[in-house]
Amino acid sequence: QVQLVGSGGGLVQAGGSLRLSCAASGSIFSINTMGWYRQAPGKQRELVASITSGGITNYADSVKGRFTISRDNAKNTVYLQMNSLKPEDTTVYYCNARGVVTTSYRYPEVWGQGTLVTVSS
């Protein structure tokens, strides 16, 4: 069984920074893409940023230039450095992994439990 455990959320003032981390555990051989999504109340979950095992990144327009995604393939961990945070960034952030290959199974997609980010004005 594969689990994603996220951490690093919290309360920060506008203009501040936070770093989210998400570690995948299990008998993992490889993970194709890891990323972060967020979902505000009453809205659809949206992609914040993603990164492939080869390092190709993708960002939502709303976070380009402010957020940086990175990953450590050896540790099956993805990071999201969030700078210049705005109140509108406040919501729950979810870690996501796609194309997870373990010693016994291939998971199309796995989600973490979510971590709350609150940006005060």
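Is Cys22 buried or exposed? Select Cys22 in this predicted model: the residue is buried, with a relative accessible area of 0%.

**Stop 1: the disulfide**

A disulfide joins the two, with an S to S distance of 2.0 Å. A search of the whole structure finds 1 disulfide. The pair links distant parts of the chain, 73 residues apart: Cys22 lies in strand E3 (residues 18-25) and Cys95 in strand E9 (residues 91-102).

**Stop 2: the nonpolar core**

Next select Trp36, Leu80, Met82 and Tyr93. These are the residues with the most contacts inside the largest nonpolar core, which has 30 residues. Colour by strand to see where the core comes from: E3, E4 (28-39), E5 (46-52), E7 (67-72), E8 (77-82), E9 and E11 (115-120) each supply at least two of its residues. As background, nonpolar side chains in soluble globular proteins tend to be buried together.

Now centre on Met82. Leaving aside residues up to four places away in sequence, Met82 touches Gly16, Ser17, Leu18, Leu20, Arg66, Phe67, Tyr93 and Val117. One of these neighbours, Tyr93, is also among the residues with the most contacts inside the core.

**Stop 3: the four-stranded sheet**

Switch to a cartoon view and select E1, E3, E8 and E7. They form an open sheet of 4 strands in the order E1-E3-E8-E7, with antiparallel pairing. E1 (3-7) and E7 are the edge strands, each pairing on one side only. From one strand to the next, the twist averages 15°.

Zoom in on E1 and E3, which pair in the antiparallel sense over 5 bridges. Select Gln3 to find a reference position: Gln3 stands opposite Ser25 in E3.

**Stop 4: two positive phi angles**

Which loop holds Asn76? Asn76 sits in the loop between E7 and E8. Its phi is positive, about 50°, although Asn76 is not a glycine. With a relative accessible area of 15%, Asn76 is buried.

Finish at Ser84, in the loop between E8 and E9. Ser84 is another residue other than glycine with a positive phi, near 50°. Ser84 is partly exposed, with a relative accessible area of 41%.

Notes
Residues numbered from 1 in each chain as written. Predicted model: local features only at pLDDT ≥ 70, side-chain atom pairs only at ≥ 80, totals over all residues. Heavy atoms only, no water. Disulfide = S-S within 2.5 Å. Buried < 20%, exposed > 50% of the residue type's maximum accessible area, 1.4 Å probe, protein only. Core = buried A, V, L, I, M, F, W, Y, C linked by side-chain atoms within 4.5 Å. Contact = heavy atoms within 4.5 Å. Pairing = 2+ DSSP bridges. Axes fitted to C-alpha atoms, helices over the stretch in contact; angles between N-to-C directions.
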